[in-house]
Each structure stands twice: as C-alpha cells, then as structure tokens.
Amino acid sequence: MNLIDKLLRRKGWSWLCGGLIIILCAIPSKEIPHSLNFYDKTQHFLAFGAWAFLAMYAYVSFFRVVIGGALFGYGIEIMQYLLPASFHRAYDLADVLADFIGVLLGISLAILF
C-alpha cells in the first residue's frame, strides 16, 4: 500500500469534506466566495462526488455510501429549507438528484482508482 492509498483510507477526510459541504450549504448565498459561485447543480454534483469518493475509499462499503449519500443530500435540502429567507437558500429536489448523481460518480471513481 503506497502513501496516497494510506492517506485516502483515513476516515477523517470524508468527515472533513462532509463538514465543508454543510458549512457551504448553510452560509448565506451572498457570502459564498465568488470563485466557488457557479451553477448550483454543478456545485452539488462536484461536492457530493468528492465526498462519496473519499467515503467509499475510507469505508469500502457501496451500500453505506449510497444510502449515506442519499440521506446526506436530502438532509442538506431540509437544512436549507429551514434557514431564514435572508440566506437565499431553498429546498430543491433537483439538488438532491445532483447530489445522488455525484455520489454515484464518486463511488465509481473510487472503485476505478
């Protein structure tokens, strides 16, 4: 097992990535750094793809990462629904779909890697 393999197997990376997703999805949209402010569905797709890649690599459980990713994506949307209107965040099932497609891509990449 090489160094990159050892580093990717650490569970902390997926937790750190998940925490970053929560923070970025919870801050007011006006406060998102301009360099990160591009098409919303692409943001969800890439973020959940990265999370799923790290989670799959660390936990090596297809079922857990698929179910966890689906619940995580839906939970993010519920959180955004509950945020004040001034945050300009909304509940959007299309975001959940983008999250889930990202999860499937991340898992696929982890399996190939």
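These notebook entries record what I looked up in this structure, which is a predicted model.

**Entry 1. The second largest pocket**

I began with the second largest pocket, whose volume is about 240 Å³. I then listed the residues that line this pocket: Ser 14, Trp 15, Gly 18, Gly 19, Ile 22, Trp 51, Ala 55, Tyr 59, Arg 64, Val 65, Gly 68 and Phe 72. I asked which element supplies the largest share of the lining. That element is H2, with five residues. Sorted by class, the lining of this pocket holds seven nonpolar, four polar and one charged residues.

**Entry 2. Cysteines**

I next searched the whole structure for disulfides and found zero. Cys 17 is in no disulfide, and the nearest cysteine sulfur to its own belongs to Cys 25, 11 Å away. For reference, a disulfide requires the two sulfur atoms to be within 2.5 Å.

**Entry 3. Helix H5**

I turned to helix H5, which covers residues 93–112 and has 20 residues. From its first C-alpha to its last, H5 reaches 29 Å, close to the 28 Å expected at 1.5 Å a residue. I noted which residues of H5 are buried: Asp 95, Val 96, Ala 98, Asp 99, Gly 102, Val 103, Gly 106, Ile 107 and Ala 110. I then asked what covers these buried residues of H5.

**Entry 4. Positive phi values in loops**

Lastly, I looked up backbone angles in two loops. Val 60 is found in the loop between H3 and H4. Its phi is near 50 degrees, a positive value in a residue other than glycine. Val 60 is exposed, with a relative accessible area of 55%. Where does His 88 lie? I located His 88 in the loop between H4 and H5. The phi of His 88 is near 55 degrees, again a positive value in a residue other than glycine. With a relative accessible area of 48%, His 88 is partly exposed.

How values were computed. Residues numbered from 1 in each chain as written. Predicted model: local features only at pLDDT ≥ 70, side-chain atom pairs only at ≥ 80, totals over all residues. Heavy atoms only, no water. 1 Å grid on protein atoms, 1.4 Å probe; cavity = no way out; pocket = protein on both sides within 12 Å on 5 of 7 lines; lining within 4 Å. Points joined across faces, edges and corners; volume = space filled by probe spheres on them. Helix = DSSP H or I, 4+ residues; strand = E, 2+ residues; numbered from the N terminus. Nonpolar A, V, L, I, M, F, W, Y, C, P; charged D, E, K, R; others polar. Expected span 1.5 Å × (residues − 1). Buried < 20%, exposed > 50% of the residue type's maximum accessible area, 1.4 Å probe, protein only. Contact = heavy atoms within 4.5 Å.
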